[in-house]
Amino acid sequence: MKKCTKAIIAVIAGAAILIGVIWLINESSYPNAPAFDDHFTRKFLNKDKKVDDGFYEFKSKTGQYTMWFPEEYQVLHKYREDYTRNGESYENWSASYIKPYENDQQTYAIKAEFSENGMKSELIYVESLFKEQLDSKKPKQLETSHTRIYYDYAYTYFRGTNQHIVHDSKENPPNLYVAYVADKNSDKVIKLIYDSVGENTETNKMDRKKWFFKMLQSIKFVKGN
C-alpha cells in the first residue's frame with residue numbers, strides 16, 4: 001500500500017513538473033512586452049509579427065479587420081463593457097497603458113469601435129462623431145489606397161465638471177485624438193479615439209501625431225466578408 005501511494009505521489013509530482021516546464025516554455029515564446037503579459041490581450045495579437053517598432057499586428061475577433069497595436073497597451077476586460085462583440089458585424093474594445101509619474105500616474109487610453117455604416121450617410125456619422133468628441137464639424141482628411149480617414153485632435157481639460165476643448169493650443173500639445181476610418185469597398189468603419197490623462201502626458205505633438213497616424217493607416221478591412 002505504501003509503495004502504491006509513493007508511486008502515485010511520484011506520478012503526480014512528475015506531471016506537475018512537466019506541466020510547469022511546458023508552461024514556462026510556452027510563456028517564454030511570447031515577446032517581452034506588456035501586451036503579451038496579459039492573457040486576454042495576447043489572444044488578439046500575432047506574436048510572430050512585430051510590424052514596426054513598438055507595434056504588433058492586432059486581428060479583430062470579428063475577422064473583419066487588422067491593425068497595428070502598441071506593445072505597451074493591454075485590452076481591458078474587467079467589466080463587460082470593456083469588450084463587446086456581436087458576431088462579425090460589431091466590436092467595441094478599450095485598451096490602456098498606465099505609467100507612474102512622480103507621486104501620481106499618467107494614463108493613456110485607446111477606444112475602438114467597429115461597425116457597418118452606410119456610405120451614403122458617411123458625412124452625417126462623421127459630423128456627429130467630431131461634434132460630440134471635439135466640438136468640431138470639419139475634421140481633416142487623408143486617404144490610403146483602401147480607406148478614407150477623417151481625423152482631428154485638440155487639447156482638453158476639465159475645470160470643475162466642465163470640459164474645455166482648445167484647438168491649436170500653442171502651450172499644450174493635443175491630448176485627445178479622434179478618427180473615423182471608412183473602407184472604400186464596403187460599409188465597414190472604425191471609430192478610433194485616443195486620449196491621455198495626467199500631468200505632462202504629452203510633450204511632443206509631432207511624435208504623438210505620427211504614432212496615431214501609424215495606427216490609422218495600418219487598418220485593413222478584410223475583403224468579401
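**Figure 1. The exposed and buried sides of helix α4.** On one side of helix α4, Ile 124 and Glu 132 are exposed. The view is taken from a predicted model. The buried residues of α4 are Glu 122, Val 126, Leu 129, Phe 130 and Leu 134. Seen down the helix axis, these buried residues fall within an arc of 90 degrees, so they line one face of α4. The elements that cover them include β8 (147-159), β9 (162-166), β10 (176-183) and β11 (188-197).

**Figure 2. The length and the end of helix α4.** Helix α4 comprises 13 residues, 122-134. At 1.5 Å a residue the helix should span 18 Å, and this agrees with the 18 Å that separates its end C-alpha atoms. Asp 135 follows α4 and has a positive phi, near 55 degrees.

Figure 3. The structure holds 25 aromatic pairs. One of them, formed by Phe 40 and Phe 44, is edge-to-face, with 5.4 Å from centre to centre and 70 degrees between the planes. Phe 40 and Phe 44 are both buried. In the pair of Tyr 151 and Tyr 153, the ring centres are 6.5 Å apart and the planes stand at 25 degrees; planes under 30 degrees apart count as stacked, and the pair is therefore stacked. Tyr 151 is buried, its relative accessible area being 9%, and Tyr 153 is likewise buried, at 8%.

**Figure 4. The aromatic cluster that includes Tyr 151 and Tyr 153.** Tyr 151 and Tyr 153 belong to one aromatic cluster, whose members also include Phe 55, Trp 68, Tyr 73, Tyr 97, Tyr 108 and Tyr 177.

**Figure 5. Charged side chains over aromatic rings.** The charged end of Arg 42 sits over the ring of Tyr 30, at 3.9 Å from the ring centre. Lys 61 lies over the face of Phe 44, 5.3 Å from the centre of that ring. Phe 44 is also the partner of Phe 40 in an edge-to-face aromatic pair.

Figure 6. With a relative accessible area of 18%, Ser 96 is buried, because buried means under 20%. Leaving aside neighbours within four places in sequence, Ser 96 is in contact with Glu 72, Tyr 73, Gln 74, Leu 76, Tyr 108 and Ala 109.

Notes:
Residues numbered from 1 in each chain as written. Predicted model: local features only at pLDDT ≥ 70, side-chain atom pairs only at ≥ 80, totals over all residues. Heavy atoms only, no water. Helix = DSSP H or I, 4+ residues; strand = E, 2+ residues; numbered from the N terminus. Expected span 1.5 Å × (residues − 1). Buried < 20%, exposed > 50% of the residue type's maximum accessible area, 1.4 Å probe, protein only. Arc of directions from axis to C-beta. Contact = heavy atoms within 4.5 Å. Phe/Tyr/Trp six-rings, centres within 6.5 Å; stacked < 30°, edge-to-face > 60°. Lys NZ or Arg CZ within 6 Å of the ring centre and 35° of its normal.
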